[in-house]
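Visitor: Could you walk me through this protein model, one question at a time?
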Amino acid sequence: MQGSKNALVAETASLYDVICIGAGPTGLACAIEARRADLRALVLDKGSLCNSLYHYPANMLFFTTPERMEIGDLPMTTTGGKPTRAEALKYYRRAVEHYGLEVRLYERVGKIAGEAGDFTVETVSADGMHHTYHARRVIIATGYYDLPNRLNVPGEDGPGVSHYFTDAHPYWNQDVVVIGGKNSAAEAALDLFRGGARVTLIHRQPELGKTLKFWVKPDIENRIRAGEIRALFSTVVTRIEPGRVFVKNSGPEESVPAAQVFALTGYHPDFDFLERQGIRLDPVTRRPQVNSDTLETNRPGIYVAGVVVGGLQTSDIFIENGRFHGRQIISGITGKGKLQEAAPVAPPGE
């Protein structure tokens, strides 16, 4: 037992060149670039590997093509023209194995103490154990899928309400309300309809979002036009009670039957976590203050990568362009300077 304790102390006391917080595609890309630059890297995440992707709908099809999701110059193969959730998860597992990345999962980062060259990163694992790691530099790539944009209405935290959709099967022959008008809401409504649910789609805008995937847009519009999915536009939810949702538009308040409610109104980065680490955010956009060449924040030695760079504008950065942030950051750390080659981008696969 004493030997195990000593091993743990030696392990957590060793110094990493880079600690990446977040084991999504961007965090993994950062660690891979560090590894390719002969830097010792550690990846930490409070959930599973690619935790956000894991919690995407089971039948999700990405908006983009495989080559725009690749990291570390590893080819992604798919059976169709666009990657599925399962194919993406398998690809990122293989990328970790290929590069032999050191990854610690189910450890929530609390505090980043110290300064550039000698940071202390404290975590708590799922079993309640406290861990301490040391690094010369830290990259925060925590994504945004863990924090939903709330409706802030009574009943939002009650039973039968979720901000995430995974599978339609449990809702066969049930009344289901989907709140939202972008890709995630439209796809959930279609999946639920085809799974035998009676679906009502509620959206506060007068029409569906402009960025609907090209194969989703005609499908959802046709289902609404045929009356197979009921749609309430220019409508807001006022409260949620067991079995029903209350809504208001130009007329009097009415209730909609709902055994289950999916509030798919988008997500945002963990701004509180960033501010606790001393990172300054723009009061309006919530974008972190960064050096545009290196993505180093106002706190020397701490960098941000991926969607957190965009603040509230979560549609500006996604896997397709966030994956290049690792190359940009590591170039700055190793003194190679600003990259000359612009990172290609593609529309987000929300």
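This is a predicted model: local features need pLDDT of at least 70, side-chain atom pairs count only at pLDDT 80 or more; totals for chains, interfaces and linings use all residues.

Guide: Residues are numbered from 1 along each chain as its sequence is written, and side-chain values use heavy atoms, with hydrogens and water left out.

Visitor: In what order do the 5 strands of the open parallel sheet stand?
Guide: Strands here are DSSP runs of E with at least two residues, helices are runs of H or I with at least four, and both are numbered from the N terminus. Two strands pair if DSSP finds at least two bridges between them. In this sheet the pairing is parallel, and the order is β7-β14-β8-β9-β10.

Visitor: Which strands stand at the edges of that sheet?
Guide: Look for strands with a single partner strand. One side of each is left without a neighbour in the sheet, so the edges are β7 (161-162) and β10.

Visitor: Which residue of β14 stands opposite V176?
Guide: V176 faces V199 in β9. Strand β8 (residues 175-179) is joined to β9 by 5 parallel bridges. Another 4 bridges, also parallel, join β8 to β14 (residues 260-263). There, the residue opposite V176 is Q260.

Visitor: What is the bridge partner of V178 in β14?
Guide: V178 has a bridge partner in β9, L201. In β14, its bridge partner is F262.

Visitor: How many residues of β9 are buried?
Guide: Buried means under 20% relative accessible area, exposed means over 50%, and partly exposed lies in between (1.4 Å probe, protein chains only). β8 is mostly covered, with 4 of its 5 residues buried. Strand β9 (residues 198-202) is mostly covered too, and the buried count is 4 of 5.

Visitor: Which hand does the crossover from β8 to β9 have?
Guide: The chain goes from β8 through α5 to β9. Point the strands away from you: if the path from the first strand over the helix to the second runs clockwise, the crossover is right-handed. This β-α-β crossover is right-handed.

Visitor: Which helix lies in the β-α-β unit with β9 and β10?
Guide: β9 and strand β10 (residues 230-232) run parallel, joined by 3 bridges. The unit is right-handed, and its helix is α6 (residues 217-225).

Visitor: Which residue of β13 stands opposite F246?
Guide: An open sheet of 3 strands has antiparallel pairing in the order β11-β12-β13. Strand β12 (residues 243-248) is joined to β13 by 5 bridges. Opposite F246 stands S255.

Visitor: Which helix gives the largest share of the lining of the second largest pocket?
Guide: A pocket is an open set of points on a 1 Å grid over the protein atoms alone, where a 1.4 Å probe fits, with protein on both sides within 12 Å along at least five of seven lines; lining residues have an atom within 4 Å of a point. Of the 21 lining residues, the closest to the centre are P57, M60, N183, S184 and E187. The largest share, 7 residues, comes from helix α5 (residues 183-194).
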